[in-house]
Amino acid sequence: MFLSRIWGPKPLRHAVVTTFHRNGYEAYGRRSIESFLRHWPKDVTLFVYAENVEVEQRDPRLVVMEQTASLPKLLQFRKEFGGNPFANGTDPRGKGGENNFRWDAIRFCNKVFAVTDAITRTRNQYDQLVWLDADTVTHTDFPLYVLDKLAPRNAQLSAYLNRKSYPECGWVGYNLKHPKIPEFVERFEQMYLSGKFLELKESHDSFVFWHIVKDMERNNEAQFKYLGSDSATGHIFINSILGGYLDHLKGDRKEDGKSRQSDLYSSRKEKWWR
Ligand SMILES: [Mn+2]
C-alpha cells in the first residue's frame, strides 16, 4: 500500500465546476453543494460560478466566483445575441417552432463559458476537471478510485456520456493535461462568439460539444472516453456508473428532488433507488 503510494503512478488531482442563477441555487444548487461536501473525496475542489446569488456554504473545498465579473465572454455573447430569436429557442430553419431548448443558445451558453474559463483557470493545478450540472445530488460516498476510473487519460481529451443522439452533458470530464485542451476551449467559445452556432442543426451546449469532439476525433486530433452507450436513449446519466453515486434531476424531477423509477433501464441496488 505504502510502496504503491511511493512508486506507483501519481494520483490524479480532480476539480469540479458548475454554475447556477439565484432561482437555481434555491431549487437545487444549495442541495447539490451540500451533498458534494458530504460525499465527495476530501481533496476534490468544487468551483462555482454563481449568477446574482450569494452562496451561503463555506468550506475550504468550495471556491465561489461571481459569474458576471468572471466571464466577460459570456457577457459579450449575451450582448451580441441576446435579442436574436434564433439564439433564444427559435429554429433558424423555421421547422422546430419557438421556445425550443434545441435552439436556446442563450440559455445554455452559461455552461459553455463557465467550463472554458474553468479549464483555463485550473489547467496547471489539476489533471481532470469535471463539469457537473448543478441539478444533481450526490447520494452515496463517491470514492476517489471511481473518479480516477472515469477520468480521460493520455490521448483522451474528454470522457463523456455518449448515447444515440447528442451526449448527456450533465457530466463531462476534461483531461487538463491534453495538449489540445486549449484548442478545444478556443473552438467551443468561438462556435458561439462567431455566430457559427446558427449554422448547426441545434445550438444547445451538448450539441455544439458533440459537433466539436466528433470533428476532433475524425481529424485524429484527440481521442475520447465513452461513459455511455451509442445505442442508449433517454436518461443515460443515472443508468451509467454515475447513478450509483449521483442523481440528475432533469426537467420536472427538480420538484420531486429525485428521478423516477421509470427512468432506470433496470433496477439499481443502491439505497437511494429503493
Ligand atoms: Mn441538468
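Which residues line the largest cavity?

1. The model is a predicted one, and the structure holds two cavities of 30 Å³ or more. The largest cavity, with a volume of about 80 Å³, is lined by Lys-111, Val-112, Val-115, Trp-131, Cys-169, Val-172, Tyr-174, Phe-188, Asp-205 and Phe-209.

2. At least two residues of that lining come from each of α5, β7 (168-175) and α8 (205-218). Sorted by class, the lining of the largest cavity has eight nonpolar residues and two charged ones, with no polar residue.

3. The second largest cavity contains about 70 Å³ of space, and the residues lining this second cavity are Val-16, Thr-18, Phe-20, Gly-29, Ser-32, Ile-33, Phe-36, Leu-46, Leu-132, Asp-133, Ala-134 and Thr-136. Both β1 (14-21) and α2 (22-39) supply at least two residues each, and α2 gives the most, with four residues. The lining of the second largest cavity comprises seven nonpolar, four polar and one charged residue.

4. Helix α5 (residues 105-122) packs with helix α7 (residues 181-193) at an angle of about 155 degrees, and their axes lie 10 Å apart. Because of that angle, α5 is roughly antiparallel to α7, and the crossing of these two helices is left-handed. On the α5 side the contact is made by Ala-105, Val-112, Phe-113, Val-115, Thr-116, Ile-119 and Thr-120, while α7 brings Ile-181, Phe-184, Val-185, Phe-188, Glu-189, Tyr-192 and Leu-193. The residues of this contact are 11 nonpolar, two polar and one charged.

5. The crossing of α4 and α5 is right-handed, whereas that of α5 and α7 is left-handed. From α4 the contact draws on Lys-73, Leu-74, Phe-77, Arg-78 and Phe-81, and from α5 on Ala-105, Ile-106, Cys-109, Asn-110 and Phe-113. By class, the contact of α4 with α5 has seven nonpolar, one polar and two charged residues.

How values were computed:
Residues numbered from 1 in each chain as written. Predicted model: local features only at pLDDT ≥ 70, side-chain atom pairs only at ≥ 80, totals over all residues. Heavy atoms only, no water. Axes fitted to C-alpha atoms, helices over the stretch in contact; angles between N-to-C directions. Parallel < 35°, antiparallel > 145°, perpendicular 65-115°, else oblique. Left-handed = near helix turned anticlockwise from the far one by under 90°. Contact = heavy atoms within 4.5 Å. Nonpolar A, V, L, I, M, F, W, Y, C, P; charged D, E, K, R; others polar. 1 Å grid on protein atoms, 1.4 Å probe; cavity = no way out; pocket = protein on both sides within 12 Å on 5 of 7 lines; lining within 4 Å. Points joined across faces, edges and corners; volume = space filled by probe spheres on them.
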